[in-house]
Every structure is written in C-alpha cells, then in structure tokens.
Amino acid sequence: MVRFLADVHLGRVAKYLRLLGFDTLYFTNIDDSEIIDIADNRVVLTKDKELCKRLDSRCYFVESKKPLNQAKEIIKRFNLKDSANPFSRCLKDSAILKRVEKEKILDKIPPKVKKFYNDFKICPICHKIYWPGSHYERMKKIIRDLLD
Ligand SMILES: [Zn+2]
C-alpha cells in the first residue's frame with residue numbers, strides 16, 4: 001500500500017487522505033531537506049517543482065488547485081478507490097485508531113455524547129477520541145464525493 005508525505009501546502013489533502021484511511025504524514029513546519037530525509041519510501045505530494053526534481057520518482061506533483069480536487073487527482077493517479085478504509089486513521093497524525101470501551105473514556109467525552117453514543121475509537125498517539133457524531137454525516141458526504 002502506497003504511503004504519502006504531503007508538503008506544507010497540502011494540509012487539507014493530507015486530512016482527506018487520512019479520512020479515507022491512507023497513511024499520510026504532514027508537518028506544518030518543515031523544509032525541503034527534512035522532507036527528503038523523512039520521506040523514506042513514501043511518495044511526497046507537492047506543488048513544488050524544485051522539490052519534485054530532487055526527489056525524482058519518489059515525488060508526485062499535484063496539478064489541481066482546490067484541496068478536494070487535489071485529493072481526487074491523487075486517488076485516481078494511485079488507484080486508491082478500492083483500498084479506502086474510511087474512519088480508520090487519526091486526522092491529526094495519521095495513526096491507526098483503536099476501538100476503546102466507553103467505560104474507559106467516560107471522563108473525556110461530553111455528557112450528550114455519553115448518552116447517545118456507544119461506539120468509540122481512540123488515537124494511540126494524541127489520544128483524541130472519535131465517535132460517529134454530528135460531523136460524521138458531513139464527512140461521509142466528503143468521502144462519497146472523493147471516491148465517486
Ligand atoms: Zn492522533
């Protein structure tokens with residue numbers, strides 16, 4: 001499975017790819033040499049032609065302008081449609097989410113959420129808790145759009 005590193009200008013794209021379950025690194029503060037160091041066997045997504053030249057085949061130059069279209073372009077180019085696994089990764093750091101029992105996180109969720117939801121996942125790195133709440137439908141719409 002292809003793994004990505006999105007450059008500083010592609011933050012939204014990184015989020016979209018994570019939302020679909022694709023391993024995508026993204027740092028807000030990083031220079032080109034660091035990107036090249038960290039990239040390892042990842043494909044670097046960028047709109048920087050110079051950086052792309054330095055990375056050669058390990059780079060993908062993103063043509064589209066809007067984040068949603070950029071994500072669609074990448075999904076098409078790398079043929080990702082069938083391997084998407086939505087809601088499996090943390091949107092903040094790309095870590096794979098783990099199921100967590102409600103009893104263990106009662107003190108970390110709002111009362112309303114406590115009342116109405118039973119299905120929770122937690123990020124092992126930043127400990128953010130995810131549940132299929134109000135933003136879930138909006139995200140499902142984005143996912144449908146991305147994979148359409
Ligand atoms: Zn996280």
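Modeller: Let us start with F120, which is found in strand β6, residues 120–122. Please keep in mind throughout that this is a predicted model.

Biologist: Why is F120 called buried?

Modeller: The term buried applies under 20% relative accessible area, and F120 has a relative accessibility of 1%, so F120 counts as buried.

Biologist: Which residues are in contact with F120, leaving aside its neighbours within four places in sequence?

Modeller: Contact requires heavy atoms within 4.5 Å, and with those neighbours left aside, F120 is in contact with K98, R99, V100, K102, I105, I109, V113, I129, Y130 and W131. As for L97, which lies 23 residues from F120 along the chain, the C-alpha atoms of the two are separated by 9.6 Å.

Biologist: Where do the domains of the chain lie?

Modeller: The domain assignment gives domain 1 as residues 4–83 and domain 2 as residues 98–147. Their centres, taken over C-alpha atoms, are separated by 26 Å, and the contact takes eight residues from domain 1 and six residues from domain 2.

Biologist: Which elements supply at least two residues each of the side of domain 1 that touches domain 2?

Modeller: These are α1 (11–19) and α4 (67–77), and the largest share, four residues, comes from α4. By kind, the residues of that side divide into six nonpolar, no polar and two charged.

Biologist: How much area do domain 1 and domain 2 bury between them?

Modeller: They bury about 760 Å² between them, with 79% of it on carbon and sulfur atoms. Such a value is used because the size of an interface is often given as the accessible area lost when the parts come together.

Biologist: And how many helices and strands are there in the chain?

Modeller: The chain has six helices and seven strands, and of its 148 residues, 41% count as buried, a term that we have already applied to F120.

Conventions
Residues are numbered from 1 along each chain as its sequence is written. This is a predicted model: local features need pLDDT of at least 70, side-chain atom pairs count only at pLDDT 80 or more; totals for chains, interfaces and linings use all residues. Side-chain values use heavy atoms; hydrogens and water are left out. Domain bounds come from an automatic or database domain assignment. Buried area is the accessible area (1.4 Å probe) that two parts lose on being put together, summed over both. Ala, Val, Leu, Ile, Met, Phe, Trp, Tyr, Cys and Pro count as nonpolar, Asp, Glu, Lys and Arg as charged, and the others, Gly among them, as polar. Buried means under 20% relative accessible area, exposed over 50%, partly exposed in between (1.4 Å probe, protein chains only).
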